[in-house]
Amino acid sequence: MKLKVEVMSKEIIQPSSPTSDQLRHYQLSFLDQISPPVYIPHVLFYQMTKCSTQVNKIKVIHQLKQSLSNALTYFYPLAGQINGNLFVDCNDEGIPFVEAQVKCKLSDFLENPVPSELNKLLPLVLDDAEALPLGIQFNVFDCGGIGIGVCISHKIADGLSLFTFVNTWAAISRGDQSCIVSPEFVSAKLFPPKSISGFEPRTGISTERIVTKRFVFSASKIQDIKAKYAKSAASNGNQESPTRIEALSAFVWSRFVASTKAKSIPNSCSYTIVHAVNLRTRLEPSLPDHSFGNLYRIAITVPSRNSEEDCCHNLVNQIRESIRKLDAKSVRQLQDGQSHFEFVKERAESFIRGEMVFFNFSSLCKFPLYKADFGWGKPSWVGSASLTFKNLVVFMDTVSGDGIEAWVSLNEEDMATFGSDEILLAYAAVQYAAKETS
C-alpha cells in the first residue's frame, strides 16, 4: 500500500557531552574512502499503542531523543561532518531528527510492505551521503505503532556498524547498562588512508529508474534449493553442502540470467558476481563485532552466462572458493592497499566503459537486526528501502529467523521479467506479510 507521510517537525540532536579535542579529527580508512557515498537505510517497526495518545507520544519521543544524545557520545563521529573523503570533523554539530505522522495502521502496512514506500520513512535521500553521517526519522502510525528510520553513511560505516549503533542506542533507552557497547574505532589504523586519485567512489550509483522488490524464501524452500545443489555436488564427488547464502546466490543469479537480457549482452562485456564479506573474523587476531567502520571487502566470481543447472551447481563452488580466498593472508595484503586500489580502479573503469556488469550480493543474515529493544520490546519487523544501485541483492533474516528475505534491485525492464519468472516464484513469495506467522 502507498503511504501518506506528513513531517511534523525537524530538529538537531547533539551529543550529551562534548567530544574532547584529541578526538575531533576522525580519519577515514582506505576502505571508507573507496566505499560509495550512499546511506545504508533500515526501518525498525514496533507494533505498540504507546503513541496512541499525545501524552505518551511526547514521553516516547523524549526518551528516544535523550538516549540518542547519550549514544552519540559513544559514536561521536556520527555527530560530525564528513570532510572531502578524508576525515570526519567531530564538531558535535549533531544529527537531523525528524518526526512524522503516517496516515494508516501499521498492521495494514505490514501485510505487504512495498520497498519504495519505506523511503518515505527515512530522513535523508539515499544517494547523497557526502557530508552528514547519520539521520533519524521517528514515524508514528495512526494506531500508535512506530517505525524508526535510520540512515547511516556508507562513507564511515558498514551494515554491522549500523546495528552496533542502533542496539547501543536501544540499550541506553531501556536503561540496560550491560548491553551498552563502546565502539572500537580501529579501521584507519588497520587500513590506512591512501591517495585515490583517478577513482570515483560514486561509480555504480544509478540515476535510472531502479525497482526494488522483496522476495521471501521460507525455510523449507531454502532447504529444497540447498538439497538440489548438494545432490548435484555429491554426484561430482563434492560432499560439502552449500550454505543458505551460497545456494540462494546461485539460484537468484540463474533466474536473473534465464529471465532477462543478461544472456544476450555482447561477448565483449562480462558479468561479475560480487559478494560483500565481513573482514572482522578474517583478521588475525579477529576483531569484535563492535569494531566500527567499513570492515568488509568484496569476493569476485566470474560466472558462465549459461543458465543450465550444471553451471549453477558449479557456481556454488566458485562462490565458496572466492569467499574463502579472503583469508588472513589476503587481508594482510589488503592492508597495504595499493594493489587492491589498482584492482578496484581497473574494474570501475571497465564498468564505465561498458565492458563489465556487476551483480552484487550483500548478506545481513545473522546480523543483530531484531535485538533493538528501546523499552517496549523487540521489533515486529525490520525493513530496508528502495536502493540506488541496480543488480543488487540484499539478504536479510525473516522475523522468525529461519527464512530469508531477498531485496532485489534491478532496472525496470529486467525486474518486469525477473519478477514474473515462474521458477523463481515457485520458491519465493512476493506477496508476503512482514510479520511472524504461525
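## Strand pairing and helix packing in a predicted model

In strand E5, Val88 is the bridge partner of Tyr26. The structure is a predicted model, in which local features need pLDDT of at least 70, side-chain atom pairs count only at pLDDT 80 or more, and totals for chains, interfaces and linings use all residues. Residues are numbered from 1 along each chain as its sequence is written, and side-chain values use heavy atoms, with hydrogens and water left out. Helices (H or I, at least four residues) and strands (E, at least two) are DSSP runs, numbered from the N terminus.

**Sheet**

- E2 and E5 (residues 87-89) run antiparallel and are joined by 3 bridges; strands pair if DSSP finds at least two bridges between them.
- The open sheet has 3 strands in the order E2-E5-E4, with antiparallel pairing.
- E2 (25-27) and E4 (81-83) are the edge strands, each with a single partner strand, so one side of each has no neighbour in the sheet.

**Helix H10**

- Ala328, Ser330, Val331 and Leu334 of H10 (residues 328-336) are buried (under 20% relative accessible area, 1.4 Å probe, protein chains only; exposed is over 50%, partly exposed in between).

**Helices H2 and H5**

- The axes of H2 (residues 54-74) and H5 (residues 159-174) come within 8 Å and cross at roughly 125 degrees; axes are lines fitted to C-alpha atoms, for helices over the stretch in contact, and angles run from 0 to 180 degrees between N-to-C directions.
- Residues in contact (heavy atoms within 4.5 Å) include Leu68 and Leu72 in H2, and Phe165 and Trp169 in H5.
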